[in-house]
Amino acid sequence: MTLRSLVGDPPTPRQLDVLRSIYTLSAAVGYPPTLREVTRALGLRAVNGIWEHAQRLRHKGLLCASHGSRTLRLTVLGERRARDRRAV
């Protein structure tokens, strides 16, 4: 699977869960959540799985690529997907 093949692919159901958690947490506090906060919100223990989903979401154009602790910023398309309950 190449980077080019990931762009435009719809998110998987689990990636959609991650996307919606980022959207909800960002809306609640007014700034992007950390990987650990998303992990906790989804009831998980390991941050690594969320990191991998975040990487895939960045490649799909749904998250902005940036560096730092609060880097989980949704793109406009990411916000639309997070709000759309029908999206899969």
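A salt bridge is a side-chain nitrogen of Lys or Arg within 4 Å of a carboxyl oxygen of Asp or Glu. A search of this whole structure finds three of them. The model is predicted: local features need pLDDT of at least 70, side-chain atom pairs count only at pLDDT 80 or more, and totals for chains, interfaces and linings use all residues. Residues are numbered from 1 along each chain as its sequence is written, and side-chain values use heavy atoms, with hydrogens and water left out.

**Confidence**

- pLDDT is the predictor's confidence in each residue, from 0 to 100.
- The chain averages a pLDDT of 87, and 88% of the residues score at least 70.
- Helices are DSSP runs (H or I, at least four residues), numbered from the N terminus.
- Among the elements of the chain, helix α2 has the highest mean pLDDT, 96. Helix α1 (residues 3-6) has the lowest, 48.
- Where pLDDT is low, the predicted coordinates should not be read in detail.

**Salt bridges**

- Side chains of opposite charge can pair when their charged atoms come close.
- R14 pairs with D17, and their closest N and O atoms are 3.4 Å apart. Both sit in helix α2, three residues apart, so about one helical turn separates them.
- E37 forms a salt bridge with R70, where the closest N and O atoms are 2.9 Å apart. E37 lies in helix α3 and R70 in the loop between α4 and α5 (76-83), so this pair ties together parts 33 residues apart in sequence.
- E37 is partly exposed, with a relative accessible area of 29%. R70 is partly exposed at 29% too.
- E79 bridges to R83, with 3.6 Å between the closest N and O atoms. These two residues lie in helix α5, four residues apart, about one turn of the helix.
- E79 is partly exposed at 32% relative accessible area. R83 is partly exposed at 46%.

**Helix α4**

- Helix α4 covers residues 47-59, which makes 13 residues. From its first C-alpha to its last it reaches 19 Å, close to the 18 Å expected at 1.5 Å a residue. The expected span is 1.5 Å times one less than the number of residues.
- The buried residues of α4 are V47, I50, A54, L57 and R58. They cover an arc of only 100 degrees around the axis, which puts them on the same side of α4. The arc is that of the directions from the helix axis to the C-beta atoms.
- The buried residues of α4 pack against α2 (13-29) and α3 (35-41).
- G61 follows α4, and its phi is positive, near 80 degrees.

**A82 in helix α5**

- A82 has its place in helix α5. This residue is buried, with a relative accessible area of 2%.
- A82 touches L19, R20, Y23 and L74, not counting residues up to four places away in sequence. Contact means heavy atoms within 4.5 Å.
- A82 and Y23 are 59 residues apart in sequence. In space, they are 6.4 Å apart, C-alpha to C-alpha.

How values were computed: Buried < 20%, exposed > 50% of the residue type's maximum accessible area, 1.4 Å probe, protein only.
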